[in-house]
Amino acid sequence: MSILIVPTPGTPDGPCRGSCDHRKCHLLREIAHERCAHCGGHLGFGTKITGDPSMHLRCAQAHDPIHEPLTGAHRSAEHHDPKP
Ligand SMILES: [Zn+2]
Ligand SMILES: [Zn+2]
């Protein structure tokens, strides 16, 4: 899973503040204005973004937890049919 951060405008790596004609700046602003597929908010600047479709990293983790919860063991036990 690749993680992308759109740099904050005005920082050395970020787009110009306000509007400009730089291709790179346009692209960065476009990404920042895309909507998160999970929460529907703007992806924004300085935020970790991941996935396809794009979403906030924190939303991706809420959506598809990396760490299996403890209840996972119970779920797999339920899945197994204990008939004699
Ligand atoms: Zn620019
Ligand atoms: Zn989100």
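What pattern does the protein chain follow when read along the sequence? In this predicted model, the order of elements is β-α-β-β-α-α, which comes to 3 helices and 3 strands, where helices (H or I, at least four residues) and strands (E, at least two) are DSSP runs numbered from the N terminus.

Residues are numbered from 1 along each chain as its sequence is written, while chains are lettered from A and ligands numbered from 1 in the order in which they are written. Since the model is predicted, local features need pLDDT of at least 70 and side-chain atom pairs count only at pLDDT 80 or more, whereas totals for chains, interfaces and linings use all residues.

The mean pLDDT (the predictor's confidence in each residue, from 0 to 100) of the protein chain is 84, and 74% of its residues reach 70 or more.

| Element | Residues | Mean pLDDT |
|---|---|---|
| Helix 3, lowest | 71-79 | 52 |
| Strand 3, highest | 55-56 | 96 |

The 3 strands form an open sheet in the order 1-2-3 with antiparallel pairing, two strands being paired if DSSP finds at least two bridges between them. Strand 1 (3-5) and strand 3 are the edge strands, each pairing on one side only. Strand 2 is joined to strand 3 by 2 bridges, and Ile49 stands opposite His56 in strand 3.

Ile49 also belongs to the largest nonpolar core, which has 9 residues in all, including Val6, Leu28, Leu43 and Met55; such a core is a set of buried Ala, Val, Leu, Ile, Met, Phe, Trp, Tyr and Cys residues joined through C-beta atoms within 7 Å. Helix 1 and helix 2 (57-63) each supply at least two residues of this core. Leaving aside residues up to four places away in sequence, Ile49 touches Leu4, Ile5, Val6, Leu43, Ser54, His56 and Leu57, a contact being a pair of C-beta atoms, placed from the backbone, within 7 Å.

Across the protein chain of 84 residues, 13% are buried; a residue is buried if 20 or more other C-beta atoms lie within 10 Å of its own, exposed if 12 or fewer, and partly exposed in between.

Ala37, in the loop between helix 1 (23-33) and strand 2 (48-50), counts as partly exposed because it has 16 C-beta neighbours inside 10 Å. Beyond residues up to four places away in sequence, Ala37 touches Pro53, Ser54 and Met55, and its C-alpha atom is separated by 8.3 Å from that of His56, 19 residues apart along the chain.

Key. Two residues are in contact if their C-beta atoms, placed from the backbone, lie within 7 Å.
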